Structures are given as C-alpha cells and as structure tokens.
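Here is my note on the model you sent. Please read it with the coordinates open.

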Amino acid sequence: MADARLISDVLSIHELSAYLNIPVRTLYQMAGEGTIPGTKIGKHWRFSREGIDRWLQRRSARRQTLLVVDDDPLVGQLFADVFADDGYTVVVAGDTAAARQLIREQEFTTVFLDVVMPGVSGAALLTEIRQLKPTQHVILMTAYPESELVAEALRHGPVTLLQKPFSIQHLRATLRAMSL
C-alpha cells in the first residue's frame, strides 16, 4: 500500500498539466529552464506533488497586482471581490485609454483584457502591451472566442484565452496557471 501512495505522489508531465491547468508544452519549457521543480528520468520529467505544492505556496506568498480591463463595471467588481480575498491588489480600468496609462506607469503581475471594448479594441491594446512590455502576462477575456478580434490578438503570439461567462473557480485556476 505504501508503494501505491509513493507512486501517486509523483506526477508525470501530463498529470501535472491537469493538476495545475497548464499546457504540457509550457511545463516542458518551465522544467527545462528550471523554473518549476522537477526531475528528468531518462526522457521523461517527473514531479513531486509535495514539491509542487511547496513551490506554489512560495510563489503565491508574493503580493501580486492584477489589472482588469473591461468596460463592464460588474466584471471589475467581481475580480476585486474574488482576488482581494486571495491577497491580490486589483486595479480596474473601464476603457483602453485608462489601461494604456496604467500599463505605462505600473507593473502588473497579470493583465486580464476584454477583447471587445468600445473605441480601441482589446486586441489593439494587446499590440501596444507587447511593444511596451513583451513579457507581460495577459489573459484575454471574450464571449466571442471565434471572432476576428481574437484572431488578430493571436497574431502577437500565444495568449491565454478565458471564455465568458466563466466561473470563479475557473478564473482562479487560470490565474494560478499564469502565476507560475
């Protein structure tokens, strides 16, 4: 019985992908760079569940600031309510002009960006973000994942896409994945 417990405490890269809700390809890159604790056995990566949990705790201990760019004030309030309880600082911008100014003045752990915005689209703002801060974590939010604006945003490289409506649990899992 002890052997079964030990085996379940060691995760393959696919099991870790499901556990953290992170694409396998990203985990391969993180493991290769040494940004996530793992051991390569032969050709395969293995991860200690306990080690991963400790690593997550250390990373989440840092105060993180989120920028939420959405023209719907209820979305901004939802983020503020959910993530303030989790220890994050949440800054909300109701339009892309305000978001542009905030991005130039402050550092954000993650930017949640609505794709469909009045005036300048979220996709256009993403172009500016990539020019100003190429490594900025951005999560696109949209109710229209097949839209031309999403396709335009994807031309700037891979991004995380959060489809509206989303549950609080999915929102937290997505942020946790981006915070790695």
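This is a predicted model: local features need pLDDT of at least 70, side-chain atom pairs count only at pLDDT 80 or more; totals for chains, interfaces and linings use all residues.

1. The chain has nine helices and eight strands. Its C-alpha atoms fill a box of roughly 60 × 35 × 30 Å along the principal axes. Of the 180 residues, 41% are buried. Among contacts with a separation of 6 or more, 63% join residues 24 or more positions apart.

2. **The largest nonpolar core.** This core has 21 residues. Which of them touch the most other members? They are L67, V69, V111, L113 and L140. The largest share is that of α7, with four residues. As a general matter, nonpolar side chains in soluble globular proteins tend to be buried together.

3. **L140.** Take this residue as a way into the core. Leaving out residues up to four places away in sequence, L140 touches L113, V115, L126, A153, V159, T160, L161 and L162. L113 and L140 both belong to the group that touches the most other core members.

4. **L126.** This residue lies in helix α7. Is L126 buried or exposed? Its relative accessible area is 0%, so L126 counts as buried. With residues up to four places away in sequence again left out, L126 touches L113, V138, L140, A153 and V159. For a distance check, take P23: L126 and P23 are 103 residues apart in sequence and 21 Å apart in space, C-alpha to C-alpha.

5. **α6 against α7.** Two packed helices are described by the angle between their axes and the distance between the axes. For α6 and α7 the angle is about 10° and the axes are 11 Å apart. The two helices are therefore roughly parallel. On the α6 side the contact uses T96, A99, R100, I103 and R104. On the α7 side it uses L125, E128, I129 and L132. By class, the contact of α6 with α7 has five nonpolar residues, one polar and three charged.

6. **α2 against α3.** How do α2 (residues 13–20) and α3 (residues 24–33) pack? Their angle is about 110°, with the axes 9 Å apart. That value falls in the 65 to 115 degree range, so α2 and α3 are roughly perpendicular to each other. α2 brings I13, H14, L16, S17 and L20 to the contact, and α3 brings V24, L27 and Y28. The contact of α2 with α3 has six nonpolar residues, two polar and no charged ones.

7. **Faces of α2.** The buried residues here are I13, L16, S17 and L20. Seen down the axis of α2, they fall within an arc of 105°, so they line one face of the helix. H14 and A18 are exposed, on the face turned away from the buried side of α2.

8. **Faces of α3.** L27, M30 and A31 are buried in α3. Their arc around the axis is only 100°, so they sit on the same side of α3. The face of α3 turned away from that buried side carries the exposed residues R25, G32 and E33.

9. Two positive phi values deserve a look. N21 follows α2 and sits in the loop between α2 and α3. Its phi is near 60°, a positive value in a residue other than glycine. At 40% relative accessibility, N21 counts as partly exposed.

10. **The cis peptide.** Where is the cis bond? It joins K164 and P165, and omega is about -10°. P165 is in the loop between β8 (160–163) and α9 (168–178).

Note on methods
Residues are numbered from 1 along each chain as its sequence is written. Side-chain values use heavy atoms; hydrogens and water are left out. A nonpolar core is a set of buried Ala, Val, Leu, Ile, Met, Phe, Trp, Tyr and Cys residues joined through side-chain atoms within 4.5 Å. Buried means under 20% relative accessible area, exposed over 50%, partly exposed in between (1.4 Å probe, protein chains only). Contact means heavy atoms within 4.5 Å. Axes are lines fitted to C-alpha atoms, for helices over the stretch in contact, and angles run from 0 to 180 degrees between N-to-C directions. Angles under 35 degrees count as roughly parallel, over 145 as roughly antiparallel, 65 to 115 as roughly perpendicular and the rest as oblique. Ala, Val, Leu, Ile, Met, Phe, Trp, Tyr, Cys and Pro count as nonpolar, Asp, Glu, Lys and Arg as charged, and the others, Gly among them, as polar. The arc is that of the directions from the helix axis to the C-beta atoms.
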